[in-house]
Amino acid sequence: MSFYLIQIESHLKILEIAEMAKKVLITRIIPSIAHELLSQAGFDVTVWEGNGPMTQTQLIERAKLVDALLSLGADKLDKHFFNECSHLEIIGQFAVGFDNIDVSEATLKKIPVGNTPFVLNNATADVAFGLMIAVSRKMFYQHKSIARGEWKHFQPLKNLGIELTGKTLGIFGLGRIGMVMAQRCIGAYNMKVIYHNRTRHEEAEKKLGCNYVTFEELLQQSDVLSVHSILSNETRGIFNKLAFQKMKPSAIFINTSRGAVHNETDLIEALTTGVIWGAGLDVTNPEPMDANNPLLSIPNAAVLPHIGSGTVEARNGMARLAAENIIEFYKSGKVPHCVNPSVLKKK
Ligand code: DGY
């Protein structure tokens, strides 16, 4: 074969490779819009159809075969994962939270990570708001008491709740979801809102008329303390025995962000010894929670199985954004919702 023919052949090979569809692995069955958008955009999509998440070994095995990953919160994308899968070109996470992903490792490997903010604000704030009301009236416990056959007479003094009107709502981590929760509480109960963040959120202060306070003040002044922060080294276990001791004995603690932000043993102790009044959790540590966890039988506690984003609207929105992050990356080099944008600038 002549030198020119070899050149033409290898040129054609390069063209062929360039035109080959990029492969995307979706790590669970999620709303079909993600698959549809990716397929329409010409991607070769594979979906893990297992009932639960893959083991890390299965995940690595399959991620090695693709160019992009559409991941979920239960996938462990740690240093080991990134060492094994440094070939990945983008990760589109089907969640706003990304504490399952070692973002600094992804950044070292120059892999952009996208997430799905905004679309789950209402759904998650609704769960925080609902838990607050449920705890204030011991609703989950009262419901279970009927099933136990305990509804015999009107009880003038038993299992009384506390009212929320005019109380102080403390937000830990006032961001998009916290703001919706605050708006709901102001609208429904005329609650006064205080918040604690790493940095002040002046726009929220103007919009909601809320006040920035120190963490100590948040603990001391909140009647309802609702956690909306991310899980980070700074926030891991921040709601511990010492923190609960600084709260009002009448306070309700709500967590819809990540279970590891509170210390579960300390929370159970605070609830059973009357250090705080009640707790509503959509997130636990670990997840799933064990069926024998004492929190499930404490009258002033209400626990849900991490359903914050569990509405048709939110989950469709998350699927759409996760797919769009991947599609847009290959189209324009931009990731609309990127948690490590420095990677894109360097590319
Ligand atoms: C998120 O998006 O981070 C939620 O926790 C998933 O439901």
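A polar contact is taken here as a pair of N or O atoms within 3.5 Å; within protein, one must be able to donate a hydrogen and the other to accept it, and residues adjacent in sequence count only if both atoms are side-chain atoms. I am working on a predicted model, where local features need pLDDT of at least 70 and side-chain atom pairs count only at pLDDT 80 or more, while totals for chains, interfaces and linings use all residues. Residues are numbered from 1 along each chain as its sequence is written, and side-chain values use heavy atoms, with hydrogens and water left out.

Ligand. An oxygen atom of the ligand is 2.7 Å from an N or O atom in the side chain of Ser 309. A ligand oxygen is 2.7 Å from a polar backbone atom of Val 96, and one is 2.8 Å from a polar backbone atom of Gly 97. The protein covers 84% of the 230 Å² of accessible area that the ligand has on its own (Shrake-Rupley method, 1.4 Å probe).

Ala 95, Val 96, Gly 97, Leu 120, Arg 258, His 306 and Ser 309 make it up. I sorted them as three nonpolar, three polar and one charged, with Ala, Val, Leu, Ile, Met, Phe, Trp, Tyr, Cys and Pro as nonpolar, Asp, Glu, Lys and Arg as charged, and the others, Gly among them, as polar.

Sheet. Helices (H or I, at least four residues) and strands (E, at least two) are DSSP runs, numbered from the N terminus; two strands pair if DSSP finds at least two bridges between them. I traced an open sheet of five strands in the order β2-β1-β3-β4-β5, with parallel pairing. β2 (44-47) and β5 (113-114) are the edge strands, each with a single partner, so one side of each has no neighbour in the sheet. Strand β4 (residues 90-93) is joined to β5 by two bridges, and Gly 92 stands opposite Gly 114 in β5.

Backbone. Most residues other than glycine have a negative phi, and most peptide bonds are trans. Phe 118 has a positive phi of about 75° and sits in the loop between β5 and α6 (121-136). I found a cis peptide bond joining Asn 285 and Pro 286, omega about 5°. The bond from Glu 287 to Pro 288 is also cis, with omega near -5°. Pro 286 lies in the loop between β11 (278-281) and β12 (301-303), and Pro 288 is found in the loop between β11 and β12.

Conventions: Near = heavy atom within 4 Å.
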